[in-house]
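Look at the sequence and the model together before reading on.

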Amino acid sequence: MNSSVIWFGFLPVIGFLLLDSFSAKRVALLGALAMGIGEAAYSMIFIGAFDYISFLSLAIMAACIGAALRSRDDYFFKIHGAIVNFMLAAVMLVAWYGFHRALLLDMAIKYIGLEKLASLNPALDKDIVAESLRLMSFHLPWWLVLHSLLTVYAASNWSKWAWAFVRVPGYIITLFLASAFAQAAVMQSLK
């Protein structure tokens with residue numbers, strides 16, 4: 001998994017907002033799909049990888065855009081991020097409770113390496129980094145579910161700009177809060 005997974009899907013949302021302001025909804029939805037494909041191409045060409053999570057996210061976005069075009073309602077496009085986040089949360093919770101695995105820790109070990117990750121901040125011990133990732137594997141799914149529910153609510157009841165605020169900056173805030181709660185738990189255990 002590469003870091004583009006975190007940001008994957010933001011460009012289609014921004015493109016949709018801009019295109020929807022100046023053109024027909026159909027053009028905005030197709031533009032969002034083109035931007036999603038562009039993100040995928042960028043990941044494959046410049047980052048050198050396009051993992052299964054990013055592919056699944058693109059497939060869900062394409063299916064939601066297809067449903068939005070067919071029904072002539074952009075609601076389906078607006079909830080694609082919530083669907084992806086909910087599925088990611090479900091996978092993380094099954095890994096945590098069903099297999100007693102901390103998915104973020106496992107991915108960090110497999111794709112980056114704890115030594116390399118810990119070397120980014122020499123003040124941190126490798127064990128603290130590992131424990132933070134382990135606890136974030138527990139905290140993040142719950143925050144993703146909350147963000148998904150809020151995104152669906154915003155898509156149903158709020159303006160497109162309010163929905164976009166929940167979808168993009170809200171996602172970043174979700175990641176920050178999950179990280180902060182995991183870090184607080186690590187710091188508490190060190191006392």
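Is F76 buried, exposed or partly exposed? F76 is partly exposed, because its relative accessible area is 32% (buried means under 20% relative accessible area, exposed over 50%, and partly exposed in between, with a 1.4 Å probe and protein chains only). This is a predicted model, in which local features need pLDDT of at least 70 and side-chain atom pairs count only at pLDDT 80 or more, while totals for chains, interfaces and linings use all residues. Residues are numbered from 1 along each chain as its sequence is written, and side-chain values use heavy atoms, with hydrogens and water left out.

A pair of aromatic rings is described by the distance of the centres and the angle of the planes. Rings of Phe, Tyr and Trp (for Trp, its six-membered ring) pair if their centres lie within 6.5 Å; planes under 30 degrees apart count as stacked, over 60 as edge-to-face and the rest as tilted. The structure holds nine aromatic pairs. In one of them, Y75 and F76 have ring centres 5.9 Å apart and planes at 70°, so the pair is edge-to-face. Y75 counts as partly exposed because its relative accessibility is 22%.

The rings of Y97 and F138 are also edge-to-face, because their planes stand at 75°, with the centres 6.4 Å apart. Y97 lies in helix 6 (residues 80-98) and F138 in helix 9 (residues 126-157), so this pair ties together parts that are 41 residues apart in sequence. Helices here are DSSP runs (H or I, at least four residues), numbered from the N terminus. Y97 is partly exposed at 48% relative accessibility, and F138 is partly exposed with a relative accessible area of 25%. Elsewhere, F16, F77 and W163 form one aromatic cluster.

Next comes the packing of helices. Two packed helices are described by the angle between their axes and the distance between the axes. Axes are lines fitted to C-alpha atoms, for helices over the stretch in contact, and angles run from 0 to 180 degrees between N-to-C directions. Angles under 35 degrees count as roughly parallel, over 145 as roughly antiparallel, 65 to 115 as roughly perpendicular and the rest as oblique.

How do helix 9 and helix 10 pack, and at what angle? The angle is about 170°, and the axes are 9 Å apart. Helix 9 and helix 10 are therefore roughly antiparallel to each other. From helix 9, H147, L150, T151, A154 and A155 meet W163, V166 and R167 of helix 10, where contact means heavy atoms within 4.5 Å. By class, this contact has five nonpolar, two polar and one charged residues. Ala, Val, Leu, Ile, Met, Phe, Trp, Tyr, Cys and Pro count as nonpolar, Asp, Glu, Lys and Arg as charged, and the others, Gly among them, as polar.

Helix 10 (residues 160-167) also meets helix 11 (residues 169-190): their axes come within 3 Å and cross at roughly 25°. That makes helix 10 roughly parallel to helix 11. Here A164, F165, V166 and R167 in helix 10 meet P169, G170 and Y171 in helix 11. This contact has five nonpolar, one polar and one charged residues.

S132 lies in helix 9 and is buried, with a relative accessible area of 9%. Leaving out residues up to four places away in sequence, S132 touches A182, Q183 and V186. The side chain of S132 makes a polar contact with the side chain of Q183 at 3.1 Å (a pair of N or O atoms within 3.5 Å; within protein, one must be able to donate a hydrogen and the other to accept it, and residues adjacent in sequence count only if both atoms are side-chain atoms). H139 is also found in helix 9 and is buried, at 18%. With the residues up to four places away in sequence not counted, H139 touches A178, F181, A182 and A185.

Finally, two loop residues. R72 lies in the loop between helix 4 and helix 5 (75-78). R72 has a positive phi of about 60° although it is not a glycine, and R72 counts as exposed at 77% relative accessibility. H100 lies in the loop between helix 6 and helix 7 (103-112). Phi of H100 is near 55°, a positive value in a residue other than glycine, and H100 is exposed at 69% relative accessibility.
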